[in-house]
Structures are given as C-alpha cells and as structure tokens.
Amino acid sequence: MSARLRDEIEAKRAKLQEMRQARIIRQRQDSERRATTPVKSPTQADINALLKSILGPDDALSPRSPDLTPASSVPGTPSLGHPDLPGPSSLRVSGRVSRISSAGSDRAGFGATLVHSATENILDRPITPKFTPDFIDVQQELFELPQRERVTYNKEIQTADTDSDTETTSDEEIREIVFRERETTVDAERTLERLEEESATLDREIEEEIRDLTEEEKISILAAPEFLDFVEQSSKIVQRALNDNYDYIRDYTSGAETGGDDSEGKRVKRICSFWDERYCKNRSITDVDWSPKFPELSVASYNKNAAAVNEPDGIVAVWNLHLLERPEFVFHSQSDVLSVTFSPFHANLVFGGTYSGQILLWDTRSKHLPVLKTPLSAAGHTHPVYAMQMVGTQNAHNLITSSTDGMVCSWLVDMLAQPQETLELVHAGHNKTGEVAITTFDFPDNETTAFWVGTEEGNIYQANRYDRAGAKAGLNQYDVYKGHSGPVLGLHFHPLIGPVDFSDLFLTCSVDWTVKLWRARSLAKPSTTTQTVSSIYSFDEADDYVYDIEWHPAHPAIFASVDGSGKFDLWNLNADTEVPVVSTSVSADHALNKLQWDRKDGRRAILGGSEGRLYVYDIGDMAIPRETEWNDMQKTVAGFVGGQTNGVEVDSRMLPNGR
Amino acid sequence: PPELEQTLALLSSHRSVLGYLLLSRGQPVSIIRHSGVVFEGEHGKKYATAIGRMIESVQGALEEVSGEVNEGDEIRFMRIRTKRHEIMISPDKRYLLAVLHDPTT
C-alpha cells in the first residue's frame with residue numbers, strides 16, 4: 001500500500017518537476033529579457049556580505065565559494081557548472097536557498113550555484129552595462145554539469161520535497177533544514193492522505209459520470225432481448241404485487257376506519273373482469289377454462305377482430321386473478337379459436353380448436369405461437385371445432401375434438417400430426433340428411449367411450465367411440481333425445497360427487513330459450529328401435545338464447561346458465577325449480593357466451609362475454625352443500641319424473657316415494 | 001420497441017404508482033430509464049445509488065448467511081414498506097426494476 005503510494009508520490013514529484021522546469025524555463029526567458037534591459041547593479045560590499053552569509057554554513061556545498069565573487073563569477077562559474085534557473089527577483093535569493101536546502105528532493109536539480117546566486121544578485125540590482133554581457137555568457141555555460149553533482153550531494157542531505165519560499169538567513173536556513181528533516185515523515189503522510197483524497201474524489205467523479213449512460217448504450221440495451229424479457233417478467237411481478245390491496249402495516253388499534261364488510265350468504269359478487277385494450281377489443285370470447293393446476297389462472301379464447309386485419313385472427317389469453325391489467329400469457333392463432341382447454345395432465349399446455357379445423361397446442365413456457373399444430377388436411381378436421389375435451393388418465397389420455405361436419409377425432413397430445421382415430425358420426429336413419437352437425441358434446445363422469453352430442457337441429461344423440469357388445473362405433477341412431485327446437489348450445493352431465501349418483505342426468509341449453517334436464521338411457525341395454533327420449537324437465541325462465549349451462553362441481557342441486565341478455569342465472573333445484581335463485585345482470589347490452597365453474601369447490605365462475613370481457617364471479621356460501629342436499633335432490637328429480645315433462649311443477653315433497 | 005413502451009406506460013399509469021426506475025447493475029449503477037416526479041435528476045441519481053447499495057448489501061448478507069460460494073440463494077423480489085411509501089425492487093443478473101408506490105391510495 002505504501003509502496004503504491006510512494007509510486008504515486010514519485011509520479012507526482014515527476015509532474016512537479018516538469019512543472020517547475022517549465023516555470024524555470026519561463027523564468028530564464030524572463031531573466032534573459034530582463035538581462036538585456038539595464039538593471040541596477042548592487043554594490044560590491046552588499047554582494048560580498050550576502051554571499052558570505054549564504055555561503056558560510058554551506059561550505060561543504062560549494063567548495064568553489066572563492067570563485068563566487070562577482071568579479072570572478074564570470075570566469076569561475078563554468079567550473080562549477082551550476083544549473084541556471086534564475087527566478088523572479090523577489091524569489092531569487094530564496095530560490096537559491098531553497099535549492100540548496102531542498103537539494104535532497106529534486107533530482108532535476110534546480111539548485112543554482114552560489115555562483116549563480118551571485119550572478120543573480122548582480123541581476124537583482126541594476127547592473128552596469130559592463131556586467132551585462134558577462135552575465136549572459138555565464139549563464140549559458142553553466143548548465144548541465146552541476147546537476148549531477150547536485151544529485152549526489154542531494155542524497156546525503158535528505159531534505160524534504162517541499163519548496164519553501166521564505167527568505168531566510170543562514171540560521172533560519174539551518175532551522176529550516178532541521179524542520180524539514182522532521183517534517184519529512186509528516187509530509188509523506190500528508191501526501192498519502194492527499195493522494196487518498198484525490199483518488200476518492202476521482203472515484204466519486206467517475207461515478208457521477210458513469211451514472212448517465214450515453215444514448216448509444218441506452219439504445220443498445222433497450223434492444224437487447226434479455227432486457228425485454230426482464231422488463232416483461234419484472235413488470236408482471238410488480239403488477240401482481242401492486243394489485244394486492246391489503247395494507248399489511250395497518251394498525252387496527254388506532255383510528256376508526258370503517259372497512260367494508262359485505263360478505264352475505266346469498267349474494268353473487270363480481271370479483272373482477274379481465275379486459276385488455278390491445279387483445280380483446282372488438283373480439284368475443286368463444287370459450288373459457290380454469291387451470292387445473294393453478295387455481296388463480298384461467299384461459300379465454302377470442303375470435304377475430306374484424307377491425308384490425310393485421311392482428312392475428314385468434315387469440316388465447318391466460319389471465320391471473322392477481323394481475324388484473326394484462327394477461328399473463330397471450331397466444332396467437334391464424335384462425336379464430338373456438339374452443340380452448342387447459343391440459344389437465346400437463347401444467348403448461350393449452351389446447352385450442354379453431355374455425356379452420358386445426359387443433360393447436362400452446363406452451364406457456366414458449367412464446368405466443370403454437371408449439372404443435374394439426375395439419376390442415378382431410379385426416380383431421382376441416383370444419384370449425386366447437387367442442388373439445390380431454391379424457392382418460394395421466395398415463396393414457398386423449399384429446400377428443402368434434403367439428404360441425406360430424407367428425408369426432410381423438411388425438412394423442414404429443415402426436416398432433418394425425419389423429420389417433422377418427423369417427424364420422426352419421427345418422428343413418430334420418431329422414432332428411434345423415435349429417436350430424438355437432439355443436440357440443442360431453443362425456444359422463446367415469447366414461448371414456450360413450451358420449452352424448454348436441455346437434456344443430458336440436459336433437460341429442462349418444463355415440464360410441466369403439467365397437468362394443470351390442471353397439472357399433474358411431475352414432476346411436478335409435479335413441480333420439482328430442483326436445484329442443486333449435487341448435488343445442490350446451491350440454492353437461494351431472495358430476496359424480498357425493499353419496500348419491502346423479503351422473504345419468506344431464507342438462508342442455510339451446511337457442512330456443514330453454515334449459516332442459518334429461519336422463520340418459522342406460523348403456524347396458526342398448527335399444528334396437530328408434531325411440532324418442534324426452535326431457536325430464538324444462539326450465540323456461542330465460543327470454544333470450546341460453547348460451548351455456550353447467551352443473552355446480554360441489555353442490556348437487558345447483559347449476560348456472562348464461563344467456564344472450566347478459567344474465568348469469570344461478571339455479572338451485574332444491575330451493576326452487578321454476579326460477580333461478582339469483583339472477584345477476586352481468587352486462588346489460590352484451591351477451592355472455594360461456595361459463596365455467598372453478599374446478600375445486602365451485603365458489604367462483606368465469607363468464608365470457610361477447611364484448612371480450614371475462615368476468616369472475618363469486619357465489620360465496622351458496623356453493624357449500626349441506627348434508628341433505630343429495631336426498632333433497634333425489635326427491636326433486638323424482639318429482640320431475642313423476643310430474644312428466646310438460647313443465648308443470650309438481651311439488652316434490654308431496655310425493656312420498658322417490659324413484 | 002412498442003411492447004416495452006406499453007408495458008412501462010401501463011406500469012406507471014397504475015393509480016398508486018409514483019414512478020419507476022430501470023437500472024442496469026454494474027459497479028456504479030446506471031439509469032436506463034426512469035419516470036415519475038420522484039426520480040427526476042439529482043434525486044433520482046441518489047435513489048439509484050441507494051437502491052444499488054441496498055441490493056448489493058442484501059445480496060452480500062445472503063451470501064454470508066448461506067455460507068458457501070455456490071450461490072445458495074439470491075434476491076428475487078424486495079418490498080420495502082416505509083411509513084409513506086412502498087418501494088418494490090425486482091432484480092436480475094444484469095438489470096433492476098424499482099417501483100415506488102403509495103399503498104394507501
């Protein structure tokens with residue numbers, strides 16, 4: 001450390017020497033100029049006295065002192081060979097003294113000889129013209145040689161670096177020398193400090209300067225992809241943190257702050273709505289789904305934005321309940337996405353079915369383009385895919401998709417190049433056309449081979465994926481579930497929960513403003529003749545198309561429906577079978593297209609609107625079923641069945657025996 | 001790039017956000033971008049050094065605690081709630097996003 005500082009000190013000294021040399025050269029030039037001008041010359045006596053006083057203690061310094069008489073200075077000085085550094089008049093004497101005393105410090109050796117001082121003394125006083133030419137000669141001769149001697153002498157003297165400009169007599173001179181010897185160490189320390197301070201200030205200045213990046217650097221940084229990724233990531237995190245409105249340092253003991261507490265039992269509350277100017281404008285939501293793995297994530301698929309031709313036709317956005325301003329992920333598609341589902345077995349995969357018949361697979365770990373696509377060929381779908389569902393178990397699962405030309409395809413998740421199996425549903429016995437235009441389908445819980453489809457003509461059919469005893473693969477044309485007078489838009493089987501099995505009941509909703517409850521015919525006894533199955537009950541409360549319907553995942557008697565007037569109806573069959581328990585007008589001038597309960601306990605439901613907004617509603621305690629719900633539901637159903645299917649309500653409690 | 005601008009504009013338009021600072025980590029931290037009245041000029045520079053120092057010291061403390069050289073742990077997100085504001089810092093290997101907001105609004 002000290003070595004480094006010493007090096008720094010040496011460097012500084014060199015700098016100082018250079019400065020002083022420059023100064024001396026300047027001084028020499030000045031003196032030369034002055035030498036040419038007449039100057040007053042001192043008296044001889046004065047000069048001698050001065051010389052003796054100075055030379056006295058310094059005999060060792062200048063063995064040539066006898067030479068230093070003014071008269072002989074001229075010729076004698078050459079042998080001395082002193083460096084000539086005439087300083088300014090006021091400083092000449094002192095300069096000389098300092099040079100002698102500071103001999104140890106300066107290698108450059110400003111030290112003028114006494115001869116020079118003598119000559120300078122001559123210079124100080126007005127010089128008679130006769131001396132002038134001599135002076136000049138002396139000066140020019142005595143330049144190089146003395147320096148070396150000075151150097152050797154300097155080492156012995158070991159005086160300090162500082163340049164003292166005080167005028168002193170010989171005593172003072174001695175004192176100065178002594179002082180300087182004492183001060184050597186102090187000065188060294190001081191230089192050390194000074195250097196440290198300098199470096200500190202320099203560092204600070206460097207910091208100040210570097211703080212502001214240049215424009216170029218800024219531009220290069222802004223374009224770097226990792227910078228953009230970083231901004232995406234961190235801004236999402238910050239926004240999620242911003243959305244958390246709870247002030248956790250709130251002091252409950254002080255102040256009378258009235259916190260709004262409005263958790264009523266029977267209320268349906270809107271939690272939030274998701275909408276993004278860029279992605280959702282002018283688009284409608286075509287399908288919604290909750291994530292099986294992260295309960296706060298939901299996905300919505302959007303159709304085409306007619307106003308913006310350059311934007312992708314199909315958008316799929318994953319929304320986070322904690323991040324309200326923007327989607328977590330956005331995926332693009334080249335054609336409208338009509339159905340979307342999270343993969344229940346892979347946390348990162350999202351499937352989408354499009355208007356062109358392609359099935360797309362997106363990965364949340366990748367960017368916004370699909371990771372896998374099915375080919376646009378006759379092997380897959382060539383018509384819009386309105387419904388898709390994942391069936392099976394973790395190890396053996398398939399994606400079943402259906403399109404409006406009656407094709408039902410089954411795909412393996414990692415092999416979307418061609419379907420694992422295709423099934424064309426054809427209604428052989430139909431009086432008009434064999435084509436079955438599937439709008440929706442559903443598998444009952446625990447079933448993977450038989451499913452029910454809803455069609456555009458309003459009938460519901462049952463179909464099998466594979467041949468089985470008594471039934472062939474394809475549409476079961478014998479059982480026609482006839483009831484709706486318009487396309488069936490939603491079909492949902494009762495989930496298998498709780499002590500009583502209602503999984504043969506399914507609900508359908510349609511364009512004819514009704515919701516119907518059906519009991520599926522048992523698969524064990526397949527029929528061989530055409531039969532018409534009627535609905536058990538019909539709910540006629542709506543006054544607009546009913547777009548979607550879903551049973552509640554936890555409560556056996558609750559289901560919800562959304563319709564074209566923007567209403568979200570919550571029905572509880574144990575409470576009232578004619579009107580919904582709660583009817584919420586979500587958006588007065590836009591229809592609600594899709595509905596999905598959240599998977600676990602069904603407290604929340606997402607509703608997809610036709611203006612592109614995704615609403616999240618919470619139904620609170622109504623979602624919690626009591627013990628008696630199942631038995632009550634049994635009775636209700638029995639009441640339906642007993643009262644036939646003309647919509648007339650029979651009080652289920654009046655019938656003693658259920659079915 | 002427009003997405004960047006959009007994201008940052010969205011961030012600063014949040015009702016409780018007073019401003020943000022985008023810094024690049026380095027021995028003296030340098031400001032890439034800033035917004036909001038709070039981070040203007042000299043004051044912003046002071047904030048930048050302060051935040052840089054904070055992150056360095058916390059990271060150093062983490063490393064001390066974890067003991068070994070193999071980076072056991074690193075700061076993922078820092079949320080400092082003071083009496084008046086809350087400052088949220090999301091660091092990265094190379095960059096730093098700091099957002100100042102007032103949670104009571």
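## Close-up views of a predicted model

**View 1. A hairpin in chain A.** E10(A) and E11(A) form a hairpin, with 4 residues between the two strands. The model shown here and in every view below is predicted. Strand E10 covers residues 385–392 of chain A, and strand E11 covers residues 397–403 of chain A. Their pairing is antiparallel and runs over 7 bridges. Strands of a sheet pair through backbone hydrogen bonds, in either a parallel or an antiparallel sense.

**View 2. A four-stranded open sheet in chain A.** The sheet is open and has 4 strands, in the order E6-E7-E8-E9 (chain A). Pairing in this sheet is antiparallel. Its edges are strand E6 (337–342) and strand E9 (372–373) of chain A. Each of these edge strands pairs on one side only. Strand E7 (residues 349–354) of chain A and strand E8 (residues 359–363) of chain A are joined by 5 bridges. These two strands run antiparallel. Look for Phe351(A): its bridge partner in E8(A) is Leu361(A).

**View 3. Strand E1 of chain B and its two partners.** Strand E1 spans residues 17–24 of chain B. Of its 8 residues, 7 are buried, so the rest of the structure largely encloses this strand. One partner of E1(B) is strand E5 (residues 95–101) of chain B. That pairing is antiparallel, over 7 bridges. Here Leu21(B) stands opposite Ala98(B) of E5(B). Another partner of E1(B) is strand E2 (residues 30–35) of chain B, paired in the antiparallel sense over 5 bridges. Leu22(B) faces Arg33(B) in E2(B) as its opposite residue. A hairpin links E1(B) to E2(B) through 5 residues.

**View 4. The hairpin of E15 and E16 in chain A.** E15(A) and E16(A) are antiparallel and share 5 bridges. Trp452(A) stands opposite Gln462(A) in E16(A). The hairpin has 4 residues between its strands. In this hairpin, Gly458(A) takes a positive phi near 105 degrees. Phe451(A) belongs to strand E15 (residues 450–455) of chain A. Phe451(A) has 0% relative accessibility, so it counts as buried. The C-alpha atoms of Phe451(A) and Ala463(A) are separated by 5.4 Å, although the two residues are 12 residues apart along the chain.

**View 5. Strand E16 of chain A, buried along its length.** In strand E16 (residues 460–464) of chain A, 5 of the 5 residues are buried, so the strand is largely enclosed by the rest of the structure. Ile460(A), Gln462(A) and Asn464(A) point one way from E16(A). Tyr461(A) and Ala463(A) point the other way. E16(A) also pairs with strand E17 (residues 474–481) of chain A, in the antiparallel sense and over 5 bridges. There, Asn464(A) stands opposite Gly474(A) in E17(A).

**View 6. A patch of negative charge on the surface of chain A.** The patch gathers Glu189(A), Glu193(A), Glu196(A), Glu197(A) and Glu198(A). Glu193(A) is placed in helix H8 (residues 170–211) of chain A. Is Glu193(A) buried, partly exposed or exposed? Its relative accessibility is 45%, so Glu193(A) counts as partly exposed.

Note on methods. Residues numbered from 1 in each chain as written. Chains lettered and ligands numbered in written order. Predicted model: local features only at pLDDT ≥ 70, side-chain atom pairs only at ≥ 80, totals over all residues. Heavy atoms only, no water. Pairing = 2+ DSSP bridges. Patch = residues over 30% accessible without salt bridge, like charges linked within 9 Å, V, L, I, M, F, W, Y side chains within 5 Å. Areas by Shrake-Rupley, 256 points an atom, 1.4 Å probe, with all protein chains shown as cover. Salt bridge = Lys/Arg side-chain N within 4 Å of Asp/Glu carboxyl O. Lys, Arg positive; Asp, Glu negative; His and termini not counted. Charge placed at Lys NZ, Arg CZ, Asp CG, Glu CD. Buried < 20%, exposed > 50% of the residue type's maximum accessible area, 1.4 Å probe, protein only.
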